[in-house]
Amino acid sequence: NESLKDNNKILDLVSFDDSRSFAGIENLIEILIALSQHRKLLFSHYNFHKERSKKYEIIPLKLKEYENRWYILGKPDQINEIWSFGIDRIDDLQIGNLHLEDLKQYNELLQKYDDIIGVSFETGDFKEKIKIELIIEGIHVKYLRSLPLHHSQEIDPINEKGKHKVTYFLIPNYEFKTQILKMGDYAEVISPIELRNDIEKRLEDALRNYK
C-alpha cells in the first residue's frame, strides 16, 4: 500500500476492495519480528461478542489471512489452546521477552486450522471434520473451481439437471455456513442432515425478516 502511494499512475489502475482491509496492518511488522525471534507478544484485544477489551500475553505461532482480515494465532499464557486474534482489533502492541517453548509441540493444534474455513471452531454439534455433500448449480461451480472454498473440495461430473455434487471434508464452522448461505439458491446441502437442518433454519429465519 505504501509503495503504491508513490505512483499515482498505478493507483489509477488498481481498485482496493475496501480501505478497511488495511486496518491493523501497521501491527504486522512487530508481529513478524516476534514470530521470527521467538518472542512473546503483549497487547489489548477487543472482543466483538463481549464488547470489551482484554489484555493478553501470548506465544505467537502463525499469521493467517481470511477475507481481507489478518489474524495472529497464538497460545495465551496459562492456557493450553491456540486462540486467534484479529489484528484490526489489537491495541498497545508490544514485543515481549524471549520464550523457550519448542514450537513443534503446537503443530498438531495448528493443523486443526487446516480442517476449517477461516479462524473459528464450531461450539455446537460439529467439533471434528466430517464429509459434507452439496448440490451446486452448474454456473456457480465455475466459481468454485477457480477459487475453492477449502483444499478438500471435490467436484463430481455434471448430472442430468445441470448440477454438480460438491464434497468437502472439514469442520462446518460459522464461516463455512456463511459461505453456503452466500451461494443462495445455487446451493443445497445434502448431508449431513444436521447441517442441512441448520442451514434450512437460518434461511427460514432470514425469510421472516422480510415478512
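Partly exposed means a relative accessible area between the buried limit, under 20%, and the exposed limit, over 50%. The legends below describe close-up views of a predicted model.

**View 1. Ile139 in a nonpolar surface patch.** At 45% relative accessibility, Ile139 counts as partly exposed. Ile139 lies in helix α5, which spans residues 138-146. Together with Tyr143 and Tyr186, Ile139 makes a nonpolar surface patch of about 330 Å².

**View 2. The aromatic pair of Tyr46 and Phe48.** Seven aromatic pairs turn up in a search of the whole structure. In the pair shown, the ring centres of Tyr46 and Phe48 are 6.0 Å apart. Their planes meet at 75°, so the pair is edge-to-face; the cut-off for that class is over 60 degrees. Tyr46 has a relative accessible area of 31% and is partly exposed. Phe48 is also partly exposed, at 47%.

**View 3. Arg89 over the ring of Phe48.** Arg89 lies over the face of Phe48. The distance to the ring centre is 4.3 Å. Phe48 also pairs edge-to-face with Tyr46.

**View 4. A cluster of aromatic rings.** Four residues are shown: Phe43, Tyr56, Trp83 and Phe85. Ring pairs link these residues into a cluster.

**View 5. Thr167 and its contacts.** Thr167 sits in strand β8, residues 163-170. Its relative accessible area is 12%, so Thr167 is buried. Neighbours within four places in sequence are left aside here. Beyond them, Thr167 is in contact with Lys131, Ile132 and Glu133, and also with Ser152, Gln153 and Glu154.

Notes. Residues are numbered from 1 along each chain as its sequence is written. This is a predicted model: local features need pLDDT of at least 70, side-chain atom pairs count only at pLDDT 80 or more; totals for chains, interfaces and linings use all residues. Side-chain values use heavy atoms; hydrogens and water are left out. Rings of Phe, Tyr and Trp (its six-membered ring) pair if their centres lie within 6.5 Å; planes under 30 degrees apart count as stacked, over 60 as edge-to-face and the rest as tilted. Buried means under 20% relative accessible area, exposed over 50%, partly exposed in between (1.4 Å probe, protein chains only). A charge sits over a ring if NZ of Lys or CZ of Arg is within 6 Å of the ring centre and within 35 degrees of the ring normal. Helices (H or I, at least four residues) and strands (E, at least two) are DSSP runs, numbered from the N terminus. Contact means heavy atoms within 4.5 Å. Patches are made of residues with over 30% relative accessible area and no salt bridge: like charges are joined within 9 Å, nonpolar side chains (Val, Leu, Ile, Met, Phe, Trp, Tyr) within 5 Å. Accessible areas come from the Shrake-Rupley method with a 1.4 Å probe; for residues, only the protein chains shown count as cover. A salt bridge is a side-chain nitrogen of Lys or Arg within 4 Å of a carboxyl oxygen of Asp or Glu.
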